[in-house]
Amino acid sequence: MVAILQAVFSGLALGGIYALVALGFNITHSTTKTLNFGQGELLAAGTVIAVSGVMLLAGKGMHGTLDPQDVTLWRYAVSLLISVVVLGLLGVLLYYTAVRPFIGLGGLSWVMSTLGFGIIIQNTALAIWGPSAMVIPSPLGDNVIRIGGAGVLPQEILVVAASVVVMLCLDTVMRKTKIGKAVRAVAHNKNAATLMGINVPAVVVLAFAISSSLAGLAGLLIAPITTASVFMGLSIALKAFSAAIVGGLNNARGCMLGGFLLGLVESMVGLWHAELREISIFMLIILVLVLKPEGLLGTRVAEKV
Amino acid sequence: MADIPTLRIEALQVRYGAVEALKGVSIEVHAGEVVTMIGGNGAGKSTLMKAISGLEGAAAGRVMFEGRDITRMPGHQRVALGIAQCPEGRQIFPDQTVRDNLMLGAYHRAASAAQIAADLEAQFAVFPLLRERLHQSAGTMSGGEQQMLAIARALMSRPKLLLLDEPSLGLAPLMVKDIFGVIRQLKQRGITLLLVEQMANQALAVADRGYVLETGNIIMQGGARELRRDPRIRAAYLGEH
């Protein structure tokens with residue numbers, strides 16, 4: 001029982017990470033019908049930037065080792081902010097170099113170009129930080145908290161809390177605010193949105209900035225639980241993409257649901273048979289695609305004739 | 001001011017690749033006028049509308065609004081100048097409520113909440129059913145209701161020029177009658193209107209002047225009454241042989 005509860009907690013933490021990145025996929029897909037296939041590499045770059053930020057703030061230089069007392073909450077928060085801003089700018093650069101030239105041309109050039117953008121970012125990061133993993137202790141310490149007998153890391157609680165708060169904020173912005181409604185109008189019909197006086201290109205750039213920022217946020221949240229490295233992004237991005245497909249790529253709430261669902265499945269199955277984790281996740285994906293191709297909460301898009 | 005037309009289009013050409021959709025169109029719409037553009041399928045009517053609202057770029061020629069050259073101005077900025085287009089096929093935002101659709105019409109305005117609320121009320125006076133449907137998803141309404149919403153949404157921008165692109169398209173006859181009733185009301189309020197229609201008879205009945213567009217060229221123009229009496233128009237567009 002305790003073990004299951006424990007798995008639920010770590011599954012929720014993992015799920016929160018997948019959900020944030022999946023939401024990033026949803027945002028660019030709904031506004032441009034494209035995805036950033038370099039999202040994982042951006043996530044990793046954002047994370048190593050943030051870890052270096054903590055090191056510099058702690059006066060350790062670029063290649064030091066972080067002790068738990070080096071990672072104070074404010075250093076962590078400042079680095080997080082830096083990472084989110086840097087990634088937002090990278091998202092804008094990605095849009096102008098790898099997405100915009102190919103929008104509306106048909107074909108899948110943007111798949112290759114966003115993948116390529118990610119690889120360029122990854123290799124640049126590799127040249128700066130090297131291949132080894134960087135350890136970053138949690139700003140909340142490592143004292144296990146007991147909930148119902150199960151041990152939970154403070155960082156896991158932080159991950160769940162932060163991802164849920166960010167998602168609720170985004171959800172509220174999209175549904176209740178003027179700018180959110182404008183973004184939804186752009187997602188639905190760019191010409192009609194233009195006729196409302198909405199600056200469509202600006203909204204699209206904003207979507208890419210937010211999407212990349214979410215990846216940066218996810219990366220630094222998970223780093224104290226796993227580690228930070230230039231290679232950490234691919235598996236997270238792949239799971240997040242799966243989460244978006246399972247939940248419904250065109251539905252933000254579906255992407256969040258898919259993220260948590262995948263995290264829980266991965267964690268629960270891992271408890272039982274670690275080697276069945278990936279198998280069960282991808283079987284779940286295939287099952288969902290067969291039964292409901294548009295995803296759990298996705299809506300079938302009627303193509304205009 | 002009186003001699004500067006609200007809209008003046010000079011020798012406008014629009015191309016889709018190798019296809020020339022407009023081959024040098026010149027028209028004028030003056031303040032307070034209702035002008036209709038009639039013509040068959042593929043004549044270039046919708047292309048002309050899009051070129052005015054900025055959804056389509058011009059290959060040559062000029063689009064002037066109140067004496068200002070806006071040929072290269074992005075579409076979203078033209079809305080702020082006072083050009084509102086109610087597009088062909090309505091194109092409301094079906095996943096948002098009727099109210100949110102109307103509010104998106106006023107998106108660019110920096111008006112006070114009270115002013116916007118007053119404008120909403122003004123729309124309800126013309127379109128009473130929108131008040132009943134205010135919190136309903138726009139996509140759940142009938143085609144005619146959606147057309148009413150699309151017109152009201154365009155009016156929420158307080159346009160100096162309203163472009164109506166085929167408002168009667170795909171609507172039941174009774175609904176078409178309602179829509180033309182609304183257009184008459186807008187005319188009485190002094191709203192400057194450019195109306196593109198396939199229903200030439202009704203369009204000419206409500207308009208002050210008309211143009212006839214055929215394969216990208218204006219082939220005829222004049223007062224609506226004269227055009228309605230013209231035997232060539234009667235034969236080609238009013239279904240008389």
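Guide: The centres of domain 1 of chain B and domain 2 of chain B, taken over C-alpha atoms, are separated by 24 Å. This is a predicted model, where local features need pLDDT of at least 70, side-chain atom pairs count only at pLDDT 80 or more, and totals for chains, interfaces and linings use all residues. Residues are numbered from 1 along each chain as its sequence is written, chains are lettered from A and ligands numbered from 1 in the order in which they are written, and side-chain values use heavy atoms, with hydrogens and water left out.

Visitor: Which residues belong to domain 1 and domain 2 of chain B?

Guide: Domain 1 of chain B is 1-82 + 159-241, and domain 2 is 96-158. The bounds come from an automatic or database domain assignment.

Visitor: How many residues of the two domains of chain B are in contact?

Guide: 17 residues of domain 1 of chain B contact 13 residues of domain 2 of chain B, where contact means heavy atoms within 4.5 Å.

Visitor: And what area do the two domains of chain B bury between them?

Guide: About 1300 Å², with 77% of it on carbon and sulfur atoms. Buried area is the accessible area (1.4 Å probe) that two parts lose on being put together, summed over both.

Visitor: Which elements of chain B supply the domain 1 side?

Guide: α2 (75-81), β7 (161-165) and α7 (173-188) of chain B each give at least two residues. The largest share, 6 residues, is from α7(B). Helices (H or I, at least four residues) and strands (E, at least two) are DSSP runs, numbered from the N terminus.

Visitor: How many salt bridges are there between those domains of chain B?

Guide: The count between domain 1 and domain 2 of chain B is 0. A salt bridge here is a side-chain nitrogen of Lys or Arg within 4 Å of a carboxyl oxygen of Asp or Glu.

Visitor: Switching topic: what area is buried between chain B and chain A?

Guide: About 1800 Å², of which 63% comes from carbon and sulfur atoms. His76(B), Phe93(B) and Tyr107(B) supply 36% of the area that chain B buries against chain A, more than any other three residues.

Visitor: How many salt bridges cross the interface of chain B and chain A?

Guide: The rule finds 1 salt bridge there. Asp100(B) pairs with Lys181(A), and their closest N and O atoms are 2.9 Å apart.

Visitor: Which elements of chain B touch chain A?

Guide: Among the contributors, α2 and α3 (98-105) of chain B each supply at least two residues of the side that touches chain A.
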